[in-house]
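Please examine the chain shown below, looking at the sequence and the structure together. The paragraphs that follow lead from a single residue to the chain as a whole.

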Amino acid sequence: AGTWTDEFEATACKICPAGEWSHSSGARLQGNCVSCSGSSCLAEGSARVSIELRGLQYQQSTSTEQADLRVAFARDIALAAGVDVSLVVDLMGQNSSVTMGQDGSISAFLLDLEGVSARDLATRFYNDAFRETLVNSTIAVLGSRPEHLGAGAITVEPEHFVPLQPTTTSMTSTSTVAITSTSSSSVVTTTTAMHKDIAFTTTGLSSDAKMIRMAGLTLWLSAIAS
């Protein structure tokens with residue numbers, strides 16, 4: 001934002017003239033720079049600063065390193081802008097701090113800007129010296145230089161500051177109670193006694209023969225029972 005270029009594959013852009021600003025990236029014509037309401041183009045007295053910092057694995061840093069990085073980057077922004085560090089706030093409104101993205105991106109606001117224009121800020125931020133300052137601050141906090149570390153695109157955009165509000169997430173917990181029922185089965189063993197009548201006849205036999213036959217039958221039945 002605030003720049004334009006008409007050169008193919010240009011590595012640096014031209015800053016819009018004083019009193020003019022472009023609100024889109026990649027403007028190809030100077031005519032894309034339009035007049036602002038106020039010579040400074042900072043009618044709200046605030047500006048958003050967005051920085052792409054490549055090669056920084058912010059989420060893998062310790063909590064102490066993350067806090068130190070936020071403070072260090074806020075200090076670098078304040079120094080470049082020529083303001084007190086307390087006028088640099090993160091997106092939630094925390095003074096002397098910046099908001100860091102998981103990809104290492106940096107977002108912050110400059111507040112209560114007086115005696116400075118958007119063009120002045122662009123001149124101070126859109127240069128290699130400021131990018132090198134960010135890299136040096138990162139190395140100082142981490143103690144070593146991450147592979148492929150470097151500052152990429154930097155954007156200064158006049159914008160009214162409205163702090164983000166923290167969001168509250170409601171979570172519903174569902175508990176499941178398992179009830180186990182144990183059934184008891186009774187096995188009843190029934191013994192069935194079978195009685196079989198044995199038919200025999202003594203008709204025509206003498207009394208002695210009858211006695212002998214009856215005695216033999218008794219012995220046979222006793223053998224079966226045993």
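L110 touches G45, S46, A47, V49, I77, A81, V83, L87, V88, L121 and F125, leaving aside residues up to four places away in sequence; touching, or contact, means heavy atoms within 4.5 Å. This is a predicted model, in which local features need pLDDT of at least 70 and side-chain atom pairs count only at pLDDT 80 or more, while totals for chains, interfaces and linings use all residues. Residues are numbered from 1 along each chain as its sequence is written, and side-chain values use heavy atoms, with hydrogens and water left out.

L110 belongs to the largest nonpolar core, which has 36 residues; F73, I77, V98, L110, L121 and F125 have the most contacts inside it. A nonpolar core is a set of buried Ala, Val, Leu, Ile, Met, Phe, Trp, Tyr and Cys residues joined through side-chain atoms within 4.5 Å; buried means under 20% relative accessible area, with a 1.4 Å probe and protein chains only. At least two residues of this core come from each of β5 (47–54), α1 (63–81), β8 (106–110), α2 (118–125), α3 (128–142) and β9 (150–158). The largest share, seven residues, is supplied by α1. Another core, of five residues, lies apart from it and includes V89, L91, F109 and F161.

The chain contains four helices and nine strands, where helices (H or I, at least four residues) and strands (E, at least two) are DSSP runs numbered from the N terminus. Their order from the N terminus is β-β-β-β-β-α-β-β-β-α-α-β-α. Of the 226 residues in the chain, 31% are buried. Among contacts between residues at least 6 apart in sequence, 60% join residues at least 24 apart.

Methods:
Buried < 20%, exposed > 50% of the residue type's maximum accessible area, 1.4 Å probe, protein only.
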